[in-house]
Amino acid sequence: MRLELLFPIHLRETMKNLEKLQDLEEIRVRIGQPLFFYTGQKELVLLLKEKQDKKGQFRNSRELGTNDNVYHVTEADLLEMQNYISNYSLYAWQEELRNGFLTIQGGHRIGLAGGTTNQNGRISGISYLTFFNIRVAHERVGCAGKILPYIWNHNTLIVSPPGAGKTTLLRDCIRSLSYEGMKIGLVDERSEIAACYHGIPQNDVGPRTDVLDGCNKSEGIVMLLRTMSPAVIAVDELGIEDDFKAVEQAAYCGCKIIGTVHAGSMKEIQEKPVLKKWCEKELFERFVFIKKGESGMRECNVYNQRWELLC
Amino acid sequence: MLKLVGSILILLASGGLSYSIRTELNEHQKRLFLLRNLLTKIFWEMNYSMRPVEQVLLYQIETQDEDLTKILKEIGERLMKKEAKCGEDVWREVFQTHRKELGLKSEESELIEQAGNAFFGKSVEENQKVLSLYQEKLDFLMEVERRERREKQKVYQTICIMSGLVLVILLI
């Protein structure tokens, strides 16, 4: 889906070159506030139509001294966007509204916020959608090429702090292994890896990958194990005891596991209470730690179960 | 001899006309029933598959009526283009454009044009309530139509045959 189609009709003309914005990562839409576009290190804002010139429709927000020249999002804009984002069918996204995000065609993810409605003390939906975070889908094909020989046929855990690219690396591992001929079972609880839109993966996860979308990790792993006979099970953001129990079960059934986990350093991994036990059992044979440099470049280090650096 | 053949032809033509009017009235009734059925089908398909309206209309709904199929596909395609602020507008505009092809009375057409409101609500429950409202109205119109149809058929049949006879008498 072209991104400009998510925006109100009167803004579409100025949004036409959105795809050309280099490294566009996020678009933030907030009621009464400017439209923010995040590209790599920059924060851009959309100018009012009459203030746009040869330099284009966007300006770095830090270059602008005043907000007067900037377009501000109105309530009508948000209502219109709500229709486009949901394909005029809000009823079809009730579960996603409860979770606060939805995946649209093209694999772009939209985070939602606003006034929540509660039922029995739990969030049952969002009644006023007044904040959108459009996260533009990026696939980095080939980014796992360097680490693949080290993790091939090993239970692997990809480790990094948030935002360093765990999911992107995991997706490329899945795709590469799948193209190499391995049957992969993917449990995609938050639709971040395959980005399924009505059951169809929007990202390339390879020809031999079966996706269980929107499913609880521990249940999903067991389900895939029973039904799809995968050689490798891939899962994002392992965190609770049940997840690791399911991983252990899969590992003892001859299945290999690739998972990800949040941690700021390798030392943290060894000290995490939930993980410690499984590390001592040597459930995982490889750890891939992703470091993000100041320039935004990523570096991957691979360790074995004895914490020896392999590459 | 010629007069006899002419008279037979006129009587056959008036009989044919009466038959075609009768069929037309039946078709109209059938189309109303089909439309009612279609609204229910769209709703339940949406409810079952939880897919957006555009996909339901484009890929999941089949009707025996070519005109209706064409209209539904057109709505689906226009929704996909996202050129209207709300879905109800697209539904209404497309049905308005094809008013003549459907051959409905203005009251019935208006009702069908508004029935799109039942598919673009915030929740399934809201859609269901709105749909039942339109279905009730449609049921009422269909009941009136059914009652009128019999009388109309009798009247048209008599008029056609009588005018045929009058013409025959005049020509003889």
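Colleague: What links Lys105(B), Glu145(B), Glu148(B) and Lys152(B)?

Modeller: Those four residues are joined in a network of salt bridges. Keep in mind that this is a predicted model.

Colleague: How many salt bridges are there over all chains?

Modeller: The count comes to 24. As background, side chains of opposite charge can pair when their charged atoms come close.

Colleague: Why is the contact between Glu248(A) and Lys281(A) called a salt bridge?

Modeller: The N to O distance between their side chains is 2.8 Å. The cut-off is within 4 Å, so the pair qualifies.

Colleague: Which parts of chain A does that pair tie together?

Modeller: Glu248(A) sits in helix α7, residues 241-251, of chain A. Lys281(A) sits in the loop between α9 (273-280) and β15 (286-292) of chain A. The pair therefore ties together parts 33 residues apart in sequence.

Colleague: What makes Glu248(A) buried or exposed?

Modeller: Glu248(A) has 12% relative accessibility. Buried means under 20%, so Glu248(A) counts as buried. Lys281(A), at 46%, falls between 20% and 50%, so Lys281(A) is partly exposed.

Colleague: Now chain B. Why do Lys30(B) and Glu27(B) count as a salt bridge?

Modeller: Their side chains meet at 3.7 Å, N to O.

Colleague: What separates Lys30(B) and Glu27(B) along helix α1 of chain B?

Modeller: About one helical turn, because the two are three residues apart in α1 (residues 2-49) of chain B.

Colleague: What joins Arg99(B) and Glu113(B)?

Modeller: A salt bridge, with N to O at 2.9 Å. Arg99(B) is in helix α5 (residues 99-102) of chain B and Glu113(B) is in helix α6 (residues 106-114) of chain B, so the pair ties together parts 14 residues apart in sequence. Arg99(B) is partly exposed at 30%. Glu113(B) is at 5%, under the 20% cut-off, so Glu113(B) is buried.

Colleague: How do you know that the span of helix α7 of chain B agrees with its length in residues?

Modeller: Helix α7 of chain B has 48 residues, 124-171. At 1.5 Å a residue, α7(B) should span 70 Å. Its end C-alpha atoms are 65 Å apart, which agrees.

Colleague: Where does α7(B) bend?

Modeller: At Arg149(B), by about 25 degrees.

Colleague: On to the sheets of chain A. What is the order of the open sheet with antiparallel pairing?

Modeller: Its seven strands run β4-β3-β2-β1-β7-β6-β5 in chain A.

Colleague: Why do β4 and β5 of chain A stand at the edges?

Modeller: Each has a single partner strand, so one side of each is left without a neighbour in the sheet. These strands are β4 (58-60) and β5 (101-103) of chain A. From one strand to the next, the twist averages 35 degrees.

Colleague: How do you know that β1 and β2 of chain A pair?

Modeller: Pairing needs at least two bridges. Four bridges join β1 (residues 24-30) to β2 (residues 36-39) of chain A, so they pair, and they run antiparallel. Leu24(A) has Thr39(A) as its bridge partner in β2(A).

Colleague: Which helix lies across β1, β5, β6 and β7 of chain A?

Modeller: Helix α2 (residues 75-85) of chain A, which runs at about 95 degrees to β7(A).

Colleague: What is the pairing in the sheet β12-β9-β13-β14-β8-β15-β16 of chain A?

Modeller: The pairing in this open sheet of seven strands is mixed. At the edges stand β12 (209-213) and β16 (298-304) of chain A, each with a single partner strand, so each has one side without a neighbour in the sheet. Here the twist averages 20 degrees from one strand to the next.

Colleague: What makes β8 and β15 of chain A a pair?

Modeller: Four bridges join β8 (residues 156-160) of chain A to β15(A), and at least two are needed, so they pair. The two strands run parallel. Thr156(A) stands opposite Arg286(A) in β15(A). Helix α5 (residues 166-179) of chain A packs on this sheet, at about 170 degrees to β14(A).

Conventions:
Residues numbered from 1 in each chain as written. Chains lettered and ligands numbered in written order. Predicted model: local features only at pLDDT ≥ 70, side-chain atom pairs only at ≥ 80, totals over all residues. Heavy atoms only, no water. Buried < 20%, exposed > 50% of the residue type's maximum accessible area, 1.4 Å probe, protein only. Expected span 1.5 Å × (residues − 1). Bend = angle between axes of the 7 residues up to and from the residue. Axes fitted to C-alpha atoms, helices over the stretch in contact; angles between N-to-C directions. Contact = heavy atoms within 4.5 Å.
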